[in-house]
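Try each task before you read its solution.

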Amino acid sequence: MSAAVTSGLILAQDVQNTISTGEAVAFWVLGPLALFGALGMIFAKNAVHSALFLVLTMLSLGALYMIQQAPFLGFVQIIVYTGAIMMLFLFVLMMVGRDSSDSVVEVIRGQRFVAAVLGVGVAVLLVTAVARALTTVTPIGLSGDAANGGNGNVENIGRSIFTDWLFPFELTSALLITAAVGAMVLGYVDRHTRGRKTQRELVEARFRGEHDRPSPLPGPGVFATSSSVATPALLPDGSVAPESLSRLIDSAAAEEFEAERQAVAGTGATAEGRALNPSTREGESQ
Amino acid sequence: MTPTVYLLLSALLFTIGAVGVLVRRNAIVVFMCIELMLNAVNLTLVTFARINGSLDGQVMAFFVMVVAAAEVVVGLAIIMSIFRTRRSASVDDSNLLKY
């Protein structure tokens with residue numbers, strides 16, 4: 001490697017060791033925005049407002065990723081988190097939790113106060129630990145060939161995933177399939193078998209009088225001389241079962257079928273016995 | 001000013017998420033607080049990738065995002081099924097195993 005390239009790399013690293021002015025401005029705008037979104041998510045009474053505040057936080061974090069030379073992660077953050085996950089949250093909120101506002105009753109006495117004290121304690125501990133531990137650390141920066149140099153951020157991440165991290169990457173595919181199947185199993189509701197009566201329950205309900213008649217309606221054409229729907233069913237004494245008359249035919253074409261009805265009912269001309277013979281059809285010349 | 005400020009922001013976000021898990025009673029909001037904690041850890045990983053000069057931290061953050069997506073899908077399905085049977089999305093009402 002020539003000296004010019006080396007000095008150029010060192011110069012680039014020196015630029016990245018400290019935060020430039022533009023990055024500092026972006027951080028001091030986006031960082032408080034992210035904090036505001038997080039606090040708003042906790043303190044918002046409405047769950048939908050909480051979700052929208054979290055969207056603000058995640059968008060700010062995505063922009064912070066892009067500032068920190070992680071453009072791939074920044075776009076993935078915006079697309080996956082704010083685009084997919086938070087919209088899924090909003091869908092579920094609209095179906096489930098929108099009207100069920102938070103209960104103000106403390107189940108454990110003094111839980112909120114203890115939680116606030118613990119939160120302040122953890123925040124002080126983490127912030128002081130990080131701030132004191134990392135004072136002497138000089139950041140290397142992502143300008144090297146293994147990082148954002150060479151082919152750039154996206155290609156280097158892809159190469160890293162498909163070489164060094166190949167096995168975890170394959171494991172994530174199994175995880176995603178399992179999650180999809182699990183969501184389908186948990187979300188499945190069997191609407192067809194639930195609430196349907198068994199045959200015995202139906203019979204008992206019929207004989208208790210919950211239905212109009214204990215037996216099912218007679219189908220058209222039973223004991224009839226023709227397979228036509230227009231032919232009514234006959235009762236054992238030979239009269240027409242009135243329930244078997246098709247309502248459409250009864251209302252629309254009563255005059256048209258008058259002769260057949262009379263023939264079947266025995267009031268008009270009697271049906272001839274050879275009408276049952278399949279070789280002689282209705283309408284044929286006798 | 002060094003990238004340490006990102007770590008401080010991440011620590012604050014993580015703390016807010018943890019307090020939210022302890023304080024809020026709506027199961028979905030609790031879930032969102034967990035997402036906030038995951039995001040804070042992601043910011044830490046990205047910052048450490050920059051400090052360390054290697055992309056491994058960013059790859060780890062990517063995997064965290066994948067796991068978080070799977071977790072959200074299954075978790076929301078569980079919350080939906082609990083709501084379907086118990087008509088409530090509050091974590092206080094799911095106390096069948098308590099007594």
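This is a predicted model: local features need pLDDT of at least 70, side-chain atom pairs count only at pLDDT 80 or more; totals for chains, interfaces and linings use all residues.

**Exercise 1.** Find what share of the contacts in chain A between residues at least 6 apart in sequence join residues at least 24 apart.

*Solution.* Start with the definition: two residues are in contact if their C-beta atoms, placed from the backbone, lie within 7 Å.

Residues are numbered from 1 along each chain as its sequence is written, while chains are lettered from A and ligands numbered from 1 in the order in which they are written.

**Exercise 2.** Describe the side of chain A that touches chain B.

*Solution.* First count: chain A brings 70 residues to the contact and chain B brings 63 residues. Next, locate the helices (DSSP runs of H or I, at least four residues, numbered from the N terminus). Those supplying at least two residues each from chain A include helix 2 (21–43), helix 4 (71–97) and helix 7 (166–187). Finally, sort this side of chain A by type: 51 residues are nonpolar (Ala, Val, Leu, Ile, Met, Phe, Trp, Tyr, Cys and Pro), 2 are charged (Asp, Glu, Lys and Arg) and 17 are polar (the others, Gly among them).

**Exercise 3.** Decide whether Arg132(A) is buried or exposed.

*Solution.* Look in helix 5 of chain A, where Arg132(A) is found. Recall the cut-offs for other C-beta atoms within 10 Å of a residue's own, all placed from the backbone: 20 or more is buried, 12 or fewer exposed, and in between partly exposed. Arg132(A) has 9 such atoms within 10 Å, so Arg132(A) is exposed. For chain A as a whole, 20% of the 286 residues count as buried.
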